[in-house]
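I opened the notebook to record what I looked up in this structure. The entries follow in the order I made them.

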Amino acid sequence: MTDLRPTPKKLIDKHAMNDSTQLVTFTLDNCKFALPLPQVERIVHVVEITPLPKAPDVVIGVVNVQGRIIPVVDIRKRFRLPKRETNLNDKIILSQTSKRSVGIMVDSVVGVIEYPKQEVIIPEKILPGIEYIEGVAKLEGGLTLIHNIDSFLSLEEEKTLDGAMKKI
């Protein structure tokens with residue numbers, strides 16, 4: 001398991017931190033995505049995922065992480081990426097939304113980057129009404145979509161997931 005909380009040695013200075021954001025970058029197929037570091041608890045290797053009856057379509061199932069039962073979501077579906085079989089190199093990013101912990105299945109985790117806040121392009125400048133995206137970062141390897149984990153599940157999906165989780 002990888003703990004991504006920065007240690008004091010990794011932090012720059014307080015002033016620099018206010019002008020930049022730390023992002024955990026990951027891949028799905030050849031697409032690059034990111035999550036704000038404060039939303040990421042840690043990263044674990046893929047483990048067996050138990051199907052969760054009556055869960056929303058985007059929920060693959062649940063995993064047991066140190067006694068906590070955490071739903072795992074497939075963001076491939078949201079971004080209309082082709083479905084693929086789970087492989088032993090896949091990772092699960094344990095992330096915290098405003099309502100719950102969730103696992104996000106990803107192909108690989110690239111790392112943590114520091115990115116200037118003023119250079120993040122807000123989604124409305126690209127296409128008004130883009131869902132699930134908090135912003136876009138221009139990196140050397142291309143564009144990276146910054147995922148908004150809080151808006152990932154609709155209210156209906158949240159209610160459905162709540163009901164399914166209560167039956168565990």
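Terms first: helices (H or I, at least four residues) and strands (E, at least two) are DSSP runs, numbered from the N terminus. I also note that residues are numbered from 1 along each chain as its sequence is written. This is a predicted model, where local features need pLDDT of at least 70, side-chain atom pairs count only at pLDDT 80 or more, and totals for chains, interfaces and linings use all residues, while side-chain values use heavy atoms, with hydrogens and water left out.

Entry: two loop residues. I looked up Lys54 and placed it in the loop between strand E4 (40-45) and strand E5 (59-65). Phi of Lys54 is near 65°, a positive value in a residue that is not glycine. Most residues other than glycine have a negative phi. I then checked accessibility (buried is under 20% relative accessible area, exposed over 50%, partly exposed in between, with a 1.4 Å probe and protein chains only). Lys54 has 63% relative accessibility, so it counts as exposed. Arg80 sits in the loop between helix H2 (75-78) and strand E7 (91-96). Its phi is also positive, about 55°, and Arg80 is not a glycine. At 77% relative accessibility, Arg80 counts as exposed.

Entry: the sheet. I counted two strands as paired if DSSP finds at least two bridges between them. Five strands make an open sheet with mixed pairing, in the order E9-E2-E3-E11-E10. Strand E9 (108-116) and strand E10 (133-139) are at the edges with a single partner strand each, so one side of each has no neighbour in the sheet. From one strand to the next the twist averages 35°, with axes as lines fitted to C-alpha atoms, for helices over the stretch in contact, and angles running from 0 to 180 degrees between N-to-C directions. I followed E10 to strand E11 (residues 142-147), and the two pair in the antiparallel sense over six bridges. Val136 has Leu145 in E11 as its bridge partner.

Entry: helix H4. Which residues of H4 are buried? I found Glu157, Glu158, Leu161, Ala164 and Met165. They cover an arc of only 130° around the axis, which puts them on the same side of H4; the arc is that of the directions from the helix axis to the C-beta atoms. On the other side of H4, I listed Leu155, Glu156, Lys159 and Lys166 as exposed. The buried residues of H4 pack against E5, strand E6 (68-73) and H2, where contact means heavy atoms within 4.5 Å.
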